Each structure stands twice: as structure tokens, then as C-alpha cells.
Amino acid sequence: MNKFLRTYHPYVSPFDPCKPILEKTYSTPPNLFMGFQPPNLPQFSPQEALRAGTLWKAFYDPWFNPFEKPKRGETS
Amino acid sequence: MKQVPPEYYQIMEQLQAVDFVLVELSLYLDTHNDDLEAIKQFNHYAKERKRLKKMFESKFGPLQQFGNSYSAYPWNWDDSPWPWQV
Amino acid sequence: MWFYEKKLQYPVRVSTCNPTLAKFLIEQYGGADGELAAALRYLNQRYTIPDKVIGLLTDIGTEEFAHLEMIATMVYKLTKDATPEQLKAAGLGDHYADHDKALFYHNAAGVPFTAAYIQAKGDPIADLYEDIAAEEKARATYQWIINMSDDPDLNDGLRFLREREIIHSQRFREAVEILKEEQGKKKIF
Ligand SMILES: [Fe+2]
């Protein structure tokens, strides 16, 4: 499980018409945990940074839909 | 049908990568104005972007307007393609 | 002043002619938490915020315009050669009737953009908290659009944009810390 996702379990009623989603997830991205960014954090190369959308590895938290498989090098 | 050569995309992406580092460092330095290492890195890539801009423009024409790039003859700022077209 | 550069911030690609995705994406063009709202919000708030964070608002506001151009590029490419029939099938018949394929500043439901989306309270903390919330809302919008999209190239660009919201939120949070700081004290938190 992605360390920037959290889950909860909604109440399931016998009268819910749709197939119940037993576990719901939500995003808690890295900026919530960083505090004031310290200097000299590990960086991506310029080419990787562009593709990642961030220069610093600690902020990298890509979002994929359930039908996508993360490409190599990307964590999910 | 005139299309840009593969080289256009390659050099463009090199420039996009270096410029991205500069954007990231700019925002970082806006809240960390005393990080000397980051400032050195910023100035290093500012120089690198100058070099890439020159190289790109020598092949594909001006990137910037209002005198931040030189023009060839005839005026080639408004030549296609535009960024959303490629 | 501003000047234009003939270059996208990120190499935008889409893989198929898919006007349905364009219809969803327009949320980030003229919607409440979209890139236009973001750019206008920050570039307007900067006139009444302490000098220490004006640079940050200016730079993030400017970057948002680059994101607006990326969204426009995606919408343009997803609809460029679509027929009126395809647009109609994608639920864009109403749009076509009024605009053909022209982009318009409205949200995914067709509601036109309004300045009422953007607050400027003149209170630095209130404004920065609004900015942080705006970034988180834009991040969430990208998630929901990615969840509905089966276009891997489009999702690649959308992932980049979502990641940028994370960084912007981070910087606004740091700006709050800078404004909390007392004269001569060092920031820690
Ligand atoms: Fe943003």
C-alpha cells in the first residue's frame, strides 16, 4: 500500500442499492508531513524531475487510476 | 504537410527539463532565501538554459517575444507551429 | 510585465481523439478550482500580502498560467479533428452549438467562470489558507479526472499537474510559517 494513502470503512446498510465499497481510500500527500522543507534533500536529475513533476524525491507521490499499471521506477 | 523534425522534440524536452529545475528552485528559494547551495544550483542551470535556448533558436526560431530573442529575416516570431500544435 | 515563451512547461501528449475527456478536463480550465482561478487568485492577492511572500505568489501565479496552457493544449488535441457527431456523442453538443470547438472558460457542467470563485480577504493568513485549500482541491480534481481517463498519455500530463499542486501547497504552508515568525527568530516546525 502506498504510504500516502489512508483508508476508512463506511457503514454498510442492508438497504444500500449499489454493491458496497467496503474500503475507501483517500490521499494524504507528502506536503502534509514535510514541515518546513530542510535543505539538501535528495533530488531527481533534471530529466527525471520533469517527468516526476518535482525536483525532490520526498515529494514524489504519483496518482494512478485502477486500470493503469505504474511504469517502471514509479511507485504506487 | 510541414512537420517539425524529431530533433525539435528532443531539444525542447532538454530545455523543458532544465527550465523545470529552475521553476522548482525558484519556488523553493522564495521560502528559503538563505540556501546558498540551492542558489548556486539555480545560477548553474540559469546558464545552462541560456545555452539550450541559443541552440534551440538557431534551429527552430525565436522562443521569446519583445526582444528577449533575436529575429531572422523575414520576421519569424509568428511562424508556426505553436506549442499546442506540435 | 509578462512575456510569452513558445514552449509548454511539460511535453503534453494525448493518445486518442476523445472529446469526452475534453469535457471533463475543462473543469481545470474554467472551473472553481481550475488553473485560471488559481493564476488569477495568486496574482491578485499579492498586492496586499507582506513583502516576504509576494515573490512566491508571483511565481506560483505565473506557473499556473503555464498549467492553463497545458490544459488548453490537452483539450485542443482531444477535440481538434472530432466531427460534430463525435462531439454530440460526447455530450458536447451544447458546447458545439454555442462555441464550435472554441475553448471557453466554463466548468465541466458548462457553468461560466466567475470571479466569485476567487477570494481576496486582505488578511494574509486567511488568503494563504485559501491558497492551500485551492491547491488541495485542484489536486483532488486531477485525481478524479485521472480516475475517469483511459488515455495513458493524457494521464501522464495530468499526473505532472497534480504533483505541482502538492509542491504549491507545500510552499504556501511554508509561507504561513514565514509570516508566523517573530522578528529575529528562526523558523522551525
Ligand atoms: Fe497550483
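Which residues does E35(C) touch, not counting residues up to four places away in sequence? This tour of a predicted model gets to them by way of chain A and a set of annotated residues.

Start with chain A. Select its 76 residues; 37% of them count as buried. Color by secondary structure to find two helices and two strands, which follow the order β-β-α-α from the N terminus.

Now move to chain C. Select E35(C), E64(C), H67(C), E135(C) and H168(C), which an unreviewed UniProt entry lists under "binding site". These residues are spread over 134 residues of sequence, yet they cluster in space, with a largest C-alpha distance of 12.9 Å. Three of the set, E35(C), E64(C) and E135(C), belong to the lining of the second largest cavity.

Zoom in on E35(C), in helix α3 of chain C, residues 35-45. E35(C) counts as buried because its relative accessibility is 1%, under the 20% cut-off. Show its contacts: beyond four places in sequence, E35(C) touches Q28(C), E64(C), H67(C), L68(C), I71(C), Y142(C), L161(C) and E165(C).

Leaving out residues up to four places away in sequence, E64(C) touches E35(C), A38(C), A39(C), Y42(C), E135(C), E165(C) and H168(C).

Terms used: Residues numbered from 1 in each chain as written. Chains lettered and ligands numbered in written order. Predicted model: local features only at pLDDT ≥ 70, side-chain atom pairs only at ≥ 80, totals over all residues. Heavy atoms only, no water. Helix = DSSP H or I, 4+ residues; strand = E, 2+ residues; numbered from the N terminus. Buried < 20%, exposed > 50% of the residue type's maximum accessible area, 1.4 Å probe, protein only. UniProt positions renumbered as here; feature names shortened; annotations may be inferred. 1 Å grid on protein atoms, 1.4 Å probe; cavity = no way out; pocket = protein on both sides within 12 Å on 5 of 7 lines; lining within 4 Å. Contact = heavy atoms within 4.5 Å.
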